[in-house]
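Okay, thanks everyone, let's get started.

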Amino acid sequence: DVPFYWAGALLQSSARSHEPPTRTRPVIVLRSARQRIAVHVDEVLGQQEVVVKNLGPQLARLPGLSGMSVLPSGAVILIYNPVALANVFGERVRELAALARTGASSAAPEDENSDALSKAQVGTGGMAGSLGPAADIEVPLVMVVDDSITVRRVTQRLLRREGYRVVLASDGLQALERLQEERPALVLSDIEMPRMDGFDLVRNIRADASLHDLPIVMITSRIAAKHREHAMALGANHYLGKPYPEEELLGLVRRYAMASCASDPSLLVSAE
């Protein structure tokens, strides 16, 4: 038996293959040390010898990324160790399984635990391996609200790298529309935005009976004390200035997401 993974799930780029179903599907069996895994890929392009270049300090922290190379065409390619990616994926799944069990036991009677857990599904992509019940857990959803597409994408990549699902909004009005579709575990919001700024977004969320307890972290270039005090008075849970330390942001996301999911296990249910 060999654990099986979707390549897109390991790379956190897609939940499953985008290729149309065919009679055959390419699967690569990979080995690193004593570990072996099977990975489904959309296409096998072949083998090629390359000169591996070392990663800089910023990229060296990315899990499973072994190096980079430049092809004769000038294209830059990333070199991954899928076995290392699978290990990281498995650890996150196990952590989420423990979180779901804790949340279910605190929110439901003992005889309802199995039902609460059975509703959780893997959203990061079909993994049929030897991880057991942990493979049935969804990651929390985080909403990122910012009028800068660059900030939205950078934050999205950072959170996806850590295993979270992410929904994006360009301003407060769009955020409120998307909050009616699915409630996230946490909202990360800028202040200066068109149509509806971050202050008004906080005011509207706190005035909504179904969203009033939703955690909100403000992330803004407005670092003056009066702006911070105004945001906190409106009901923001935390206030970060730009640029923010990644570890501090991830710590806040982890803390608020775990607290939200423990109080409301439905936040772990798959978006499928």
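Let's begin with Leu-30, which is found in strand 2, residues 27–32. Quick housekeeping before I go on. This is a predicted model, so local features need pLDDT of at least 70 and side-chain atom pairs count only at pLDDT 80 or more, while totals for chains, interfaces and linings use all residues. Residues are numbered from 1 along each chain as its sequence is written, and side-chain values use heavy atoms, with hydrogens and water left out. When I say helix or strand, I mean DSSP runs numbered from the N terminus: H or I with at least four residues for helices, E with at least two for strands.

Back to Leu-30. Is Leu-30 buried, exposed or partly exposed? Its relative accessibility is 26%, so Leu-30 counts as partly exposed; the cut-offs are under 20% relative accessible area for buried, over 50% for exposed and partly exposed in between, with a 1.4 Å probe and protein chains only. If we skip residues up to four places away in sequence, Leu-30 touches Gln-35, Arg-36, Ile-37, Val-39, Pro-82 and Val-83, where contact is heavy atoms within 4.5 Å. Pro-82 sits 52 residues away along the chain from Leu-30, and the two C-alpha atoms are 7.7 Å apart.

Ile-37 on that list is also the bridge partner of Leu-30 in strand 3. Strand 2 and strand 3, residues 35–40, run antiparallel and are joined by six bridges; for two strands to pair, DSSP has to find at least two bridges between them. Both belong to an open sheet of three strands, order 1-3-2, with mixed pairing. Strand 1 (4–6) and strand 2 are the edge strands, each pairing on one side only. Neighbouring strands there are turned by 35° against each other on average, direction ignored; axes are lines fitted to C-alpha atoms, for helices over the stretch in contact, and angles run from 0 to 180 degrees between N-to-C directions.

Going across it, strand 6 and strand 8 run parallel, joined by four bridges, with Val-142 facing its bridge partner Leu-186 in strand 8.

Then look at strand 9. Why is strand 9 largely enclosed by the rest of the structure? Because five of its five residues are buried. Ile-216, Met-218 and Thr-220 point one way, Val-217 and Ile-219 the other.

On helix 7, the buried residues are His-227, Ala-231 and Leu-234. They cover an arc of only 65° around the axis, which puts them on the same side of helix 7; the arc is taken from the directions from the helix axis to the C-beta atoms. These residues pack against helix 6, strand 9 and strand 10. Turned away from that side are the exposed Lys-226, Glu-229 and Ala-233.

Last, the core. The largest nonpolar core has 24 residues, and among those touching the most other members are Met-143, Leu-179 and Met-218. A nonpolar core here is a set of buried Ala, Val, Leu, Ile, Met, Phe, Trp, Tyr and Cys residues joined through side-chain atoms within 4.5 Å. Helix 6 gives this core its largest share, four residues. A second, separate core of 20 residues includes Leu-158, Tyr-164, Leu-240 and Tyr-256.
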